[in-house]
Amino acid sequence: MKTDIPSSLNDKNCHRVRVGRSSAGLGLFSTSIFKKGERIVEYVGKRLTNKEVDEIVENRYLLQINDRYTIDGSARTNIARYANHSCNPNAETKTVRGRTYIFARKNICLNEEITWNYGKNYFNDFIKDGGCRCAKCVRKKKEKENGAGGTVLEGV
Ligand SMILES: [Zn+2]
């Protein structure tokens, strides 16, 4: 069996992503191209049982990986936490042999923002009220506003 590159090398020193400004505040951007299915970065953090999460932890960087466990990704060393939610994402999270990564869902260009779908629960808890600021929703909102503007001709 092939040994994986230690995460300290692969994920801390040799990131192929950077943090930058996005439509939703800070975001995660590619500094390299990624092919569909390629691993982008590990989502690192303390592993908690879902029960522990329900009882004590409250932050925006909880990533539930299955029925039993959730990763608390709130540490600043977890660069993956900067990846924003999108309703039309180019990446997704997957757990492979007990470790969770963000993978490319499609081919990703240089300097493209990395996004994944945070899921329904997160959306309802944190995004819905303020309105989603992902590229898809921002565009939709603009189209709607323009559309409405175009019809206000009555009563002239
Ligand atoms: Zn959206």
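What follows is a conversation that sets computed values against the definitions behind them.

Mentor: Keep in mind that this is a predicted model, in which local features need pLDDT of at least 70 and side-chain atom pairs count only at pLDDT 80 or more, while totals for chains, interfaces and linings use all residues. Residues are numbered from 1 along each chain as its sequence is written.

Trainee: What makes up the count of helices and strands in the protein?

Mentor: There are 4 helices and 10 strands, where helices (H or I, at least four residues) and strands (E, at least two) are DSSP runs numbered from the N terminus. Read along the sequence, they follow the pattern α-β-β-β-β-α-β-β-β-β-β-β-α-α.

Trainee: Why are S8 and S9 called paired?

Mentor: Two strands pair if DSSP finds at least two bridges between them, and strand S8 (residues 91–96) is joined to S9 in the antiparallel sense over 6 bridges, so the two count as paired. They form a hairpin with 2 residues between them, and Arg97 in the turn has a positive phi of about 45 degrees. S3 also runs antiparallel to S9, with 3 bridges joining them. Ile102 in S9 is the bridge partner of Thr93 and also of Val41.

Trainee: What makes S1 and S7 edge strands?

Mentor: An open sheet of 4 strands has the order S1-S2-S10-S7, with mixed pairing. Strand S1 (17–22) and strand S7 (84–85) each pair on one side only, and they are the edge strands. Within this sheet, strand S2 (residues 25–30) and strand S10 (residues 113–116) pair in the antiparallel sense over 2 bridges, so they meet the requirement for pairing. Phe29 has Glu113 in S10 as its bridge partner.

Trainee: Which strands form the open sheet of 3 strands, and in what order?

Mentor: Its order is S4-S6-S5, with antiparallel pairing. The edge strands here are strand S4 (46–49) and strand S5 (62–64), each pairing on one side only. S5 and strand S6 (residues 69–72) are joined over 3 bridges, and Gln64 has Thr70 in S6 as its bridge partner.

Trainee: Why does Tyr61 count as partly exposed?

Mentor: A residue is buried if 20 or more other C-beta atoms lie within 10 Å of its own, exposed if 12 or fewer, and partly exposed in between, with C-beta atoms placed from the backbone. Tyr61 has 16 C-beta neighbours inside 10 Å, and therefore counts as partly exposed. Tyr61 is found in the loop between helix H2 (50–55) and S5, and its C-alpha atom is separated by 5.0 Å from that of Gly73, 12 residues apart along the chain.

Trainee: What makes a group of residues a nonpolar core?

Mentor: It is a set of buried Ala, Val, Leu, Ile, Met, Phe, Trp, Tyr and Cys residues joined through C-beta atoms within 7 Å. The largest one here has 20 residues, and those with the most contacts inside it are Ile40, Ala83, Ala91, Ile102 and Ile114. Strand S3 (39–42), strand S9 (99–104) and S10 each supply at least two residues of this core. In soluble globular proteins, nonpolar side chains tend to be buried together.
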